[in-house]
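Student: I'd like to learn how to read a structure like this one. Can we go through it together, feature by feature?
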Amino acid sequence: MECTYWKDGRGIRYDVLVELLEKCADGLWNAERYELMAVIYKFIIPIYEKRRDFEKLAFIYNTLNEAYKKIIHVLHTGRRLLGTFFRVAFYGQSFFEEEDGKEYIYKEPKLTRLSEISERLLKLYGEKFGVENVKILQDSNKVNTKSLDQKFAYIQVTFVSPYFDEKELSERKTHFERNHNITRFVFETPYTLSGKKQGGVEEQCKRRTILTTMHSFPYVKKRIAVMYEHQVELKPIDVAIDEMNDRTTELRKLCTSNGLDMIQLQLKLQGCVSVQVNAGPLAYARAFLDDSKSSKLPTKKVKQLKEIFREFVSVCSLALDLNERLIKEDQIEYHEGLKANFKDMVKELSEITHEQILTEDDLKCQLRSSLHVFSAISGTASGPSAFPMSL
């Protein structure tokens, strides 16, 4: 007997529904969106249970088992690329007509480079309008349409990232959650009040542009129109706070990752503990935390930057502890250099702020954290006396 169910007097075949859902599940697997497969299969499983089709049920549960293993693997390795996003804007009334001035977010596969999408768009619209009539704008600055030559079709291409506020970030824990069902994207444009794009840390500003799309990604189309744009101007001390917060977050993420990447950890550490005069975190401390300069800045911002520096130093200490436990003999000298730079950085920070940046309590807490992370990495139990401290 044909298996049917009835709704509004119409007979609908289960077979068609199951076939479409299975195709959807296959597509999700190929797209590496393993987290969604259970959502699809929960509609199919009751049908196969009703039919007592145990062979199909075994296949589904085995597939789900493999999907969850894939999730665990990519969580440990971080090796899953769910797409790259770009803002694409079109200018030129005589060429684009109703598309003139419109902005879209394009979703491109894996790690698509800016040059790749630019070349593809140039070829696509070059075939339509003539290559000699199409120009690519890769500057992220706001376009002054009055300054554009109406004889050309202009396409502005800018790399963007998914954007989330603090509440969303606390709810979206995984890489998948931060690349699924997303509608807001962000890009930043550096500038100085003198008109130059780049300057010293004391004058470096940046403009953060947040774009909201009409629909969420993933979508049935590879591009979605932008319906709303919001800009935030960051002053030099805001840029310092933002930069130091990013450095701290990135280093902490490396330290707490299940699949610890030693090369990346050491590269990030080297950049963090730099004591060069015009580069690295100390440049921000000298520019905004020194008494002669901090007194002219908002007290709340200065306090916020100090707090971030304390957290930053604490995470650097954790990273050094981990590095010391995991390096081989041929890297001991390299590690000693990192440790010496770290000590110099902490000393200068303490002198600038007139505070002890790294206290004994911080060190004890950091030691416990590093032992916990090391135990998770090595799969062993470690006691506080098993390893020396970095300082």
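Student: How many cavities of 30 Å³ or more does a search of the whole structure find?

Tutor: The search finds one. On a 1 Å grid over the protein atoms alone, a cavity is a set of points where a 1.4 Å probe fits but cannot get out, while a pocket is an open set with protein on both sides within 12 Å along at least five of seven lines; lining residues have an atom within 4 Å of a point. Before we go on: this is a predicted model, where local features need pLDDT of at least 70, side-chain atom pairs count only at pLDDT 80 or more, and totals for chains, interfaces and linings use all residues. Residues are numbered from 1 along each chain as its sequence is written, and side-chain values use heavy atoms, with hydrogens and water left out.

Student: Which residues line the largest cavity?

Tutor: Among them are R87, E103, K142, F187, R207 and E229. Strand 7, strand 8 (204-217) and strand 9 (223-234) are the elements that each give two or more residues to that lining. Strands (E, at least two residues) and helices (H or I, at least four) are DSSP runs numbered from the N terminus. The space inside is about 80 Å³, a volume being the space filled by probe spheres set on grid points that are joined across faces, edges and corners. By type, the lining has one nonpolar, five polar and five charged residues. Here Ala, Val, Leu, Ile, Met, Phe, Trp, Tyr, Cys and Pro count as nonpolar, Asp, Glu, Lys and Arg as charged, and the others, Gly among them, as polar.

Student: And which residues lie nearest the centre of the second largest pocket?

Tutor: Those are R33, L82, K107, E108 and P109, out of 16 lining residues. This pocket holds about 210 Å³, and its lining divides into seven nonpolar, two polar and seven charged residues.

Student: Why is strand 6 described as largely enclosed?

Tutor: Start with the cut-offs: buried means under 20% relative accessible area, exposed over 50%, and partly exposed in between (1.4 Å probe, protein chains only). Seven of the ten residues of strand 6 (residues 153-162) are buried, so the rest of the structure largely encloses it. For the protein, buried residues make up 40% of the 391.

Student: Which strands does strand 6 pair with, and in what sense?

Tutor: Two strands pair if DSSP finds at least two bridges between them. Strand 3 (residues 84-91) runs antiparallel to strand 6 over seven bridges, with V88 partnered by V157. Strand 5 (residues 134-137) is a parallel partner over four bridges, and there I136 stands opposite I155. Strand 7 (residues 182-192) pairs with strand 6 in the antiparallel sense over two bridges; P162 has F185 as its bridge partner.

Student: What about backbone angles?

Tutor: Most residues other than glycine have a negative phi, and most peptide bonds are trans. E32, in the loop between helix 1 (14-30) and helix 2 (37-51), has a positive phi near 65°. R52 also has a positive phi, about 60°, and sits in the loop between helix 2 and helix 3 (54-77).

Student: Is each of those two residues buried or exposed?

Tutor: E32 is buried at 18% relative accessible area, whereas R52 is exposed at 61%.

Student: Where is the cis peptide bond?

Tutor: It runs from F217 to P218, with omega near -5°. P218 lies in the loop between strand 8 and strand 9.
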